[in-house]
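Subject: Structure handover

Hi,

Here is the structure I promised to pass on.

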Amino acid sequence: LCSICITLIGQQTAFFEIPLYFVDSLGNKDTLIVGYDRRVSINEYNEDFGEVAINEPFDSVFEVRAFSSDYLSLGPTPNKYYSKKIITRPEVLVNEQGDSCYSTQGSIIVFNAKYLPVKMYYDRDIINELCSPEATVLWQTFEKFLLGFEKAFLPETDYQCVFSSDTLVLDPRVMEERNEELMIFALLDEINIEGGAIIEAQGYQLSFGAYSAIYTISPAYPDGYVWEPCDSVDYVGLKEWEDFSSTKDYYLYPNPSNDLVYLKNPTNSSVYFQLYDYSGKLIIDKAQMEQGLQLGHLPSGLYVYRILDKNQNVLTGGKLQKW
């Protein structure tokens, strides 16, 4: 008991963390936490930050794990281990505006999924708190390391822009032909499955502040390097992020949620909240959400919500994921 207390007391929170929620096509769920902190070690798992190495085979139906991208680095190779939480060590780069930003190659996400595709959900507001949110990329190949410092463009199959949405579809089948072209640069990982099978799983490298929207300050490369695969994305939520003072911006957070959600109400005026299940049945009709809304009693699934003013005019609406 004393050792447990010491472990809990010694638990550290990383400088940046974000939960990632996964669900397969039958509704099976799993969760990862990834992030970065300059205090972590790259040579062993960081128990102080909640990393726990998993040695058992992957679940035969659905399971998601991650390992540190440092394992793929060209320097000394650290020990590879799978975990439900991966915290990596970042470096400091400087962006176009002269701001110091953290950059990290992040984590490699791998999964075994009998029922494809898999969807990954996350809170994009957390992403947009980063120094360069447009530089948060989910890479689906290792080919970016061939680019050096020159401007280049990869096929859309090779990456997904994390800051442009709050949901990404992960489907290894779309990468099968591309992986044959990439040879050793395919982001594949051999994993053991319950029952003794060994499969090649498609890897997804999630990097924060990657070398995509960041300039370096270096005598060897005075012009830095700029490559922004996500710079042309029309981020629907970015305008809302910048205009929180607007009277038109109402939204629920966190989304997805497994218990308590809150309503962003910039005017603090009386509004009506309605929640419907996906069959169209009205589940909740509530005037105020000053203390948040409990969802614990609701079944997991997708819901539709509406925000109305006192005259019952619809102000906004959207989807809410309940885990």
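Two residues are in contact here when they have heavy atoms within 4.5 Å of each other. With that in mind, take the contacts in the chain between residues at least 6 apart in sequence: 66% of them join residues at least 24 apart. Before going further, please keep in mind that this is a predicted model.

The overall tally: the chain has 323 residues, and 45% of them count as buried. Its secondary structure comes to 4 helices and 20 strands.

**The sheet**

Strand β7 (residues 118-121) and β10 run antiparallel and are joined by 4 bridges. Across that pairing, V118 stands opposite L170, and Y121 stands opposite T167. In a regular strand, side chains alternate between the two faces of the sheet. In β10, L168 and L170 make up the covered face, while T167 and V169 make up the uncovered one.

Not counting residues up to four places away in sequence, L20 touches D30, T31, L32, V34, I109, M120, Y121, Y122 and L206.

D30 is found in strand β2 (residues 29-36). Is D30 buried or exposed? The cut-off for buried is under 20% relative accessible area, and D30 counts as buried because its relative accessibility is 15%. Two polar contacts of its side chain are worth checking in your viewer:

- D30 to K84, side chain to side chain, at 2.5 Å
- D30 side chain to the backbone nitrogen of V64, at 2.9 Å

Leaving aside neighbours within four places in sequence, D30 is in contact with L20, Y21, F22, F62, E63, V64 and K84.

**Aromatics**

How many aromatic pairs does the structure hold? There are 15. One of them is F15 with Y102, an edge-to-face pair at 5.2 Å centre to centre, with 75° between the planes. This pair links distant parts of the chain: F15 lies in the loop between α1 (2-10) and β1, Y102 lies in strand β6 (residues 100-113), and the two are 87 residues apart. F15 counts as exposed because its relative accessibility is 58%, whereas Y102, at 28%, counts as partly exposed.

F16 and F208 form another edge-to-face pair, 5.2 Å centre to centre and with 70° between the planes. F16 lies in strand β1 and F208 in strand β13 (residues 204-208), so this pair ties together parts that are 192 residues apart in sequence. Both F16 and F208 are buried. These two pairs come together in one aromatic cluster, formed by F15, F16, Y36, Y102 and F208.

**S207**

Last stop: S207, which lies in strand β13. S207 counts as buried because its relative accessibility is 0%. Which side chain does the side chain of S207 make a polar contact with? That partner is W139, at 2.7 Å. Setting aside neighbours within four places in sequence, S207 is in contact with T104, Q105, G106, A135, T136, V137 and W139.

Cheers

Terms used: Residues numbered from 1 in each chain as written. Predicted model: local features only at pLDDT ≥ 70, side-chain atom pairs only at ≥ 80, totals over all residues. Heavy atoms only, no water. Buried < 20%, exposed > 50% of the residue type's maximum accessible area, 1.4 Å probe, protein only. Polar contact = N/O pair within 3.5 Å; in protein donor to acceptor, adjacent residues only side chain to side chain. Pairing = 2+ DSSP bridges. Phe/Tyr/Trp six-rings, centres within 6.5 Å; stacked < 30°, edge-to-face > 60°.
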